Amino acid sequence: MRLLPVLMLFGLAAHAQQRPNIIYIMSDDHDAKAISAYSKELISTPNIDRIAREGAIFNNAFVANSICGPARATLLTGQFSHKNGMKDNLLRFDSSKVTMPKLLQAGGYQTAIVGKWHLKSYPTGFDFWKVLPGQGLYVEPRFINMQGDTSTYHGYATDVITEEGLKWLDNRDKNKPFLLLLHHKAPHRYFLPPLKFVEAYTKKTFPEPATLYLSMEGHGKAWQLQTMSILKDMKLSSDLKVDPAYLMDIPSLKPDSAEIAYYNAIFNRIPKEDRARMKEIYKERGELIQRLKPQGNELLKYKYQWYMQDYLACVASVDENVGRVLEYLDKNNLAKNTLLIYTSDQGMYLGQNGWFDKRWMYDVSMRTPLMMRWPGHIKPGKQINQMVQNIDYAPSFLNAVGQKIPDWMQGISLVPLVTGKQTVLPRKNLYYHFYEYKADHTVLQHLGVRGERYKLIYFYPVNEWELYDLKTDSQELINLVNVPEYQKILKEMKAILMKLRDQYDDHEVAGELH
Ligand code: SGN
Ligand code: CA
């Protein structure tokens, strides 16, 4: 009589032990082009690559709304923005909602999140959390603790987030499986790397994208309105660390007082010894500007290089910290039973069309890097070309640990795909909807559908349509919407778009779309 409950308990404990742990590492604005497992053009990221080599790499992973808060709410809920309510960064996530971490917690998981949160309300569904206020700071970062108080940590954000995550792993209840979300701030704007990578990356020169100097002429209203040009909108001092002192006597480049204050605030957080050396290195940029007074495309040429140097140096630090997590898993015998994911909250323009930032449904920003390692379940080196979307993560995690996927989640589990039980997903087209207007970078609201071959985008505030053939025009520069031969495809894509909109229950742009 008495043995039975003991045996049951033992059985349950053994089962609990076997259920996989999940570590989900997500950086902010890390484009796939800046990961060597995807492209060798810009940077070598040996640690991130190791996840792909020992697991699966997704070559066609996309988001549903290419911006931070909404991507995070989608991770938590497995829903599109119109369902989870987080349509843009200005809103607040409703923390009373049922989420994937809450479901895992109810299923016996220990759950934690460390790093960028960006959903305004306090995290719920986590046994442990330590999050950056808003966008967070790169140096001497502040964290909001579970008591609601805020404390400053010594060091560089990417290192601190990793250390705090590993500390939690050390202190966790070792009898339970866990979910750890490790969310980096880097390499988000203002792209501030730690000194050791500034040293290395400011010496490098990077290839220019073919469309760096593209003219906006002949493109639609949305292109005319956007303010994401490296030349015009990226700031020399606060983004590219040019000391304002070098710009004061060049009227066209002179920073305003807000930018000077921002520049000073960034540098004043850097500990003194490092600050002097950083300023010394960045001095070269100021001296060059003073000497050459570059304008137009010549200025763009330099700004692009400096953007890449700083952005990629931030990425190098992310890669180093991914290495620390991998090493921790090896040393603590956790590698085998842990599903490890690396991704970003969305893609990022790295000079294509002369742009930075994201938001658009074009592939550059709709795409996101995604790789998963799960020894014994995912074959090393697996390449996945099926289109997947960030609505799929929550259902995948629930599925991986053997829990039921609630029917209100809108994504599909990727587990059968990564484990090789399935080769084709039961979904042929991806739905997309971007809302944040008017805001930074002034990208108009749009929705659309991405198929394997064609993409249809509708900028509804100006009633403009764009249709692209991704096979012949992967850079999405030739709008086919008025080309007679494509009218049949246009009609088909419009029908698919309306069908998906209704299926996913999005009412923002209702009725027949013409
Ligand atoms: C900040 C940035 C923008 C960026 C948004 C959203 N400006 O406002 O360039 O698009 O964040 O980014 S900054 O001058 O404050 O750096 S997101 O990744 O959080 O959605
Ligand atoms: Ca982001």
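Mentor: Let's start with the labels. Helices and strands here are DSSP runs, at least four residues (H or I) for a helix and at least two (E) for a strand, numbered from the N terminus. One more thing before we look around: this is a predicted model.

Trainee: Okay, how many helices and strands does the chain have?

Mentor: The secondary structure comes to 16 helices and 16 strands.

Trainee: And how do I read the radius of gyration of the chain?

Mentor: You hold it against what a compact globule would have. With 514 residues, that would be near 24 Å, and the chain has 23 Å, so the two agree. Along the principal axes, the C-alpha atoms fill a box of roughly 90 × 65 × 40 Å. As for burial, 60% of the 514 residues count as buried.

Trainee: What share of the contacts between residues at least 6 apart in sequence join residues at least 24 apart?

Mentor: That share is 68%.

Trainee: Which domains is the chain divided into?

Mentor: Domain 2 covers 198–308 and domain 3 covers 432–503, while domain 1 is written in pieces: 3–190 + 311–347 + 373–386 + 393–422. The C-alpha centres of domain 1 and domain 2 lie 32 Å apart. Between those two, 16 residues of domain 1 are in contact with 18 residues of domain 2.

Trainee: Let's zoom in. Where is tyrosine 304, and is the residue buried or exposed?

Mentor: First, the general idea for helices: an α-helix has 3.6 residues a turn, so residues three or four places apart point the same way. Tyrosine 304 sits in helix α12, residues 296–331. With a relative accessible area of 0%, tyrosine 304 is buried, because the cut-off for buried is under 20%.

Trainee: Which residues is tyrosine 304 in contact with, leaving aside its neighbours within four places in sequence?

Mentor: Among them are Leu42, Phe206, Ile230, Leu350 and Gly351. Proline 209 is on that list too. The C-alpha atoms of tyrosine 304 and proline 209 are 9.8 Å apart in space, although the two residues are 95 apart in sequence.

Trainee: What should I know about phi and peptide bonds in general?

Mentor: Most residues other than glycine have a negative phi, and most peptide bonds are trans. Now for some exceptions here. Lysine 120 has a positive phi of about 70° without being a glycine. Lysine 120 lies in the loop between β4 (110–116) and β5 (128–132), and at 46% relative accessibility it counts as partly exposed.

Trainee: What is phi of phenylalanine 191 near?

Mentor: Phi of phenylalanine 191 is near 45°, again a positive value in a residue other than glycine. Phenylalanine 191 lies in the loop between β8 and α7.

Trainee: Where is the peptide bond that is cis with omega near 0°?

Mentor: That bond runs from alanine 186 to proline 187. Proline 187 is found in the loop between β8 (178–183) and α7 (195–201). Another cis peptide bond goes from tyrosine 437 to lysine 438, with omega near 5°. Lysine 438 belongs to the loop between β13 (430–434) and β14 (446–450).

Notes:
Residues numbered from 1 in each chain as written. Chains lettered and ligands numbered in written order. Predicted model: local features only at pLDDT ≥ 70, side-chain atom pairs only at ≥ 80, totals over all residues. Heavy atoms only, no water. Rg over C-alpha atoms; globule rule 2.2 N^0.38 Å. Buried < 20%, exposed > 50% of the residue type's maximum accessible area, 1.4 Å probe, protein only. Contact = heavy atoms within 4.5 Å. Domains from an automatic or database assignment.
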